[in-house]
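Please examine the structure shown below and follow the explanation with the model in view.

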Amino acid sequence: MNYIEVAQKSTAHLLPLVSELYGLYGYEFGQVEAHEGGRNIVYTCEKAGASPKILRFAFLPDRSRDDFLGELEYVRYLYEHGGSVANVISSRNGNLLEEITHDNHRYFVSLFTKAAGKMLVEHHYRYREGVPITEYYYNCGKVLGKLHQLSKEYTPVHRRYSFFDKYNSAYLDELIPESLTLLKGKLIELLSTLREVEANGETFGMLHFDYNDGNYSIDYDTGQITVYDFDNCCFGWYMFELAALWTHGVGWIQFEPDPGKRKEFMDDYFATVLAGYRSETRIEPAVLDQLPLFIQVTLMESVVDAFEVMRNNGGEPECDGRLSFLIKCLEDEILYNGFFDEIYSCDDPFEYEG
């Protein structure tokens, strides 16, 4: 069953059932356009005089009921303890998760509050008028720091999977084409290095694992960030998400031709992120020294995600310029996403043709 078929079936047959389960009478449903590799069918739910909501149908067979409960219980915990997240809404039966079977296919259904504000892309990557962009950098770190501090105190009922449950040599060997032998070898070396990294209560816990400006909204009156889409949450190193914040920061300076100026900007950007982060939780200097390593891990995650999207869409594996750039950085052990290396071109950012 492909994505379009699922969308049509859910629209025609499941929305009336869900309206009954969640009391969504009189709401108008608008399907959200899925990004490439999207795992779910998502709708906005709007009604005059009522708070807007987000409805999600999960349909791929690779996650269990306990997996989804692990996600939703974590979101509820974060919300109830002051995390800036879009809360999950219980059904009329009092359940965080509902399960519907239609035409021999199982759907897991969940409902969320809609985060206040807009995504950066919806605001054309402009920040609040009259407010320095450094406020945004600081808030990105601050919100993430709060989530990590809460994770340090979190004991799950339904436990989500851990990093090595997915990222291991057997899975990489299965997913990545045989033609990329060097890449496989480098990724296995990277995994071996990671296994030596200390994982304790201060460094390792539940992560959003996709913390970026596509998964949070900004209230343009206050600057407050509200996080959502915990679909990929799992247990891992907190440094992974700080490294991901570093990699997302390059977009603000990617067209600068001078690598020295790019480096100066990134140092200042990340210092501001860390100031926000440290306002909510502690991180040791020795842990921060692992930033180059974990940037490489974010590249691995992006490569794995790209091949998963190809597999899920039924296409043959192929490498475009962006994926080739990531692979080159991993194969040649080029650090910092190649951003300060001669491989990088400000005319074609993060593109490579070998």
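Helix 6 passes helix 11 in a left-handed crossing. In this predicted model, helix 6 covers residues 181-194 and helix 11 covers residues 321-331. Two packed helices are described by the angle between their axes and the distance between the axes. For helix 6 and helix 11, the angle is about 60 degrees and the axes are 9 Å apart. An angle counts as roughly parallel under 35 degrees and as roughly perpendicular from 65 to 115; helix 6 and helix 11 are therefore oblique to each other. On the side of helix 6, the contact is made by Leu 182, Leu 183, Lys 186, Leu 187 and Leu 190. Helix 11 contributes Ile 327, Leu 330 and Glu 331. By class, the residues of this contact of helix 6 with helix 11 comprise six nonpolar, no polar and two charged. An α-helix has 3.6 residues a turn, so residues three or four places apart point the same way.

Beyond its neighbours within four places in sequence, Leu 187 is in contact with Leu 172, Ile 176, Met 300 and Leu 330. The C-alpha atom of Leu 187 is also separated by 9.1 Å from that of Asn 168, although these two residues are 19 residues apart along the chain.

The largest nonpolar core has 96 residues. Which of its residues touch the most other members? They are Tyr 136, Phe 163, Val 227, Phe 230, Leu 242, Phe 294 and Met 300. Helix 10, residues 291-312, supplies the largest share of this core, namely eleven residues. Phe 294 touches Leu 194, Val 197, Trp 237, Met 239, Phe 240 and Ala 243, when residues up to four places away in sequence are not counted.

Asn 215 is placed in the loop between strand 7 (204-207) and strand 8 (216-218). Asn 215 is buried, with a relative accessible area of 7%. Leaving aside neighbours within four places in sequence, Asn 215 is in contact with residues including His 208, Asp 210, Val 227 and Asp 229.

Helix 3 (residues 134-152) and helix 8 (residues 259-278) have axes that come within 6 Å and cross at roughly 45 degrees. Helix 3 and helix 8 are therefore oblique to each other, and helix 3 passes helix 8 in a right-handed crossing. Among the residues that meet are Tyr 137, Gly 141, Gly 145 and His 148 in helix 3, and Phe 265, Tyr 269, Val 273 and Gly 276 in helix 8. The contact of helix 3 with helix 8 contains eight nonpolar, six polar and one charged residues.

Note on methods: Residues are numbered from 1 along each chain as its sequence is written. This is a predicted model: local features need pLDDT of at least 70, side-chain atom pairs count only at pLDDT 80 or more; totals for chains, interfaces and linings use all residues. Side-chain values use heavy atoms; hydrogens and water are left out. Axes are lines fitted to C-alpha atoms, for helices over the stretch in contact, and angles run from 0 to 180 degrees between N-to-C directions. Helices (H or I, at least four residues) and strands (E, at least two) are DSSP runs, numbered from the N terminus. Angles under 35 degrees count as roughly parallel, over 145 as roughly antiparallel, 65 to 115 as roughly perpendicular and the rest as oblique. A crossing is left-handed if the near helix is turned anticlockwise from the far one by less than a right angle, and right-handed if clockwise. Contact means heavy atoms within 4.5 Å. Ala, Val, Leu, Ile, Met, Phe, Trp, Tyr, Cys and Pro count as nonpolar, Asp, Glu, Lys and Arg as charged, and the others, Gly among them, as polar. A nonpolar core is a set of buried Ala, Val, Leu, Ile, Met, Phe, Trp, Tyr and Cys residues joined through side-chain atoms within 4.5 Å. Buried means under 20% relative accessible area, exposed over 50%, partly exposed in between (1.4 Å probe, protein chains only).
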